Amino acid sequence: GGNFASIGSFTGSSLVDTLVGIQSGNTFAISSVHAGTVNGQVSFVSFESLTGGAGNDIFSFVYGATMSGRLDGQAGSDTLSFAGNSGSRAVVLTSTGDVDGFAGLAAGGSFSNIDILLGGNSSADSLTGANLTADWQITSSTGGSYTSGNRLGFTGFENLVGGTGADDFMLVNGLTFAGKLD
């Protein structure tokens with residue numbers, strides 16, 4: 001492989017393309033369908049999949065933006081964020097991540113190795129657990145943690161739905177959850 005310098009944008013092809021970030025951590029700001037910026041410096045279009053590095057990565061979506069491929073956080077503490085979205089978002093966990101965190105479906109595609117989920121401003125964001133035995137620890141009116149082997153922190157999700165495995169929902173210190181537990 002070679003090195004790149006002073007690149008301002010990347011354009012994918014008509015095939016399925018993956019943009020891989022730097023190893024120390026990245027912020028992918030997805031602003032429309034298959035497009036956005038990396039680390040506030042490089043823009044990209046026509047990339048269906050994004051892969052982070054070994055550091056802490058953030059995959060941040062504006063409302064309406066989608067990625068039909070795969071978001072992969074790799075190692076580190078990686079965040080999938082819908083913060084600031086006015087419309088509802090549904091996130092479905094499918095399994096534990098192959099490195100850490102969890103894998104699942106959201107924003108038109110799939111994700112893996114995500115450790116933190118941030119919902120938006122809607123009162124109807126939903127998080128569905130994987131079909132595994134899991135513990136949900138509710139620590140705020142819309143947030144907490146989900147543990148099934150690996151751990152996932154979440155906030156901004158008003159509807160929590162267990163998978164087909166045994167799910168235990170625990171409210172910390174008599175807290176009242178603002179949404180629906182299923």
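1. Two strands count as paired if DSSP finds at least two bridges between them. In this predicted model, strand S8 (residues 70–72) is joined to S12 by three bridges, and the two strands run parallel. Within this pairing, leucine 71 has phenylalanine 111 in S12 as its bridge partner.

2. Strand S12 (residues 109–114) has five of its six residues buried, so the strand is largely enclosed by the rest of the structure. Strand S11 (residues 102–106) also pairs with S12, here in the antiparallel sense and over four bridges, and alanine 106 has glycine 109 in S12 as its bridge partner. The hairpin of S11 and S12 has two residues between the strands, and alanine 107 takes a positive phi near 55° in this hairpin.

3. These strands belong to an open sheet of nine strands with mixed pairing, whose order is S2-S6-S8-S12-S11-S10-S14-S18-S20. The edges are held by strand S2 (18–20) and strand S20 (180–181), each of which has a single partner strand, so one side of each is left without a neighbour in the sheet. Elsewhere in the order, strand S10 (residues 90–96) and strand S14 (residues 126–128) run parallel and are joined by three bridges, with valine 91 standing opposite leucine 127 in S14.

4. A search of the whole structure finds one salt bridge, in which aspartate 72 is paired with arginine 70 and the closest N and O atoms are 3.5 Å apart. The two partners fall into separate accessibility classes: aspartate 72 is buried, at a relative accessible area of 6%, whereas arginine 70, at 35%, is partly exposed.

5. The search for aromatic pairs across the whole structure finds seven. One of them joins phenylalanine 44 and phenylalanine 47, whose ring centres are 6.3 Å apart and whose planes stand at 85°, so the pair is edge-to-face; the cut-off that decides this is an angle over 60 degrees. Phenylalanine 44 is buried, with a relative accessible area of 1%, and phenylalanine 47 is buried as well, with a value of 8%.

6. A further pair is made by tryptophan 136 and phenylalanine 169, where the ring centres are 5.1 Å apart and the planes are at 20°, so the pair is stacked. The pair links distant parts of the chain, since tryptophan 136 lies in strand S15 (residues 134–140) and phenylalanine 169 in strand S19 (residues 167–171), 33 residues apart. Tryptophan 136 is buried, with a relative accessible area of 0%, but phenylalanine 169 counts as partly exposed at 26% relative accessibility. Both residues are members of one aromatic cluster, which is formed by Phe102, Trp136, Tyr146, Phe154 and Phe169.

7. As to open space in the model, the largest pocket has a volume of about 280 Å³. The residues that line the largest pocket are Phe10, Leu19, Val20, Gly21, Ile22, Asn26, Phe28, Val38, Asn39, Gln41 and Val42. Sorted by class, this lining has seven nonpolar residues and four polar ones, while no charged residue is found in the lining.

Methods: Residues numbered from 1 in each chain as written. Predicted model: local features only at pLDDT ≥ 70, side-chain atom pairs only at ≥ 80, totals over all residues. Heavy atoms only, no water. 1 Å grid on protein atoms, 1.4 Å probe; cavity = no way out; pocket = protein on both sides within 12 Å on 5 of 7 lines; lining within 4 Å. Points joined across faces, edges and corners; volume = space filled by probe spheres on them. Nonpolar A, V, L, I, M, F, W, Y, C, P; charged D, E, K, R; others polar. Phe/Tyr/Trp six-rings, centres within 6.5 Å; stacked < 30°, edge-to-face > 60°. Buried < 20%, exposed > 50% of the residue type's maximum accessible area, 1.4 Å probe, protein only. Salt bridge = Lys/Arg side-chain N within 4 Å of Asp/Glu carboxyl O.
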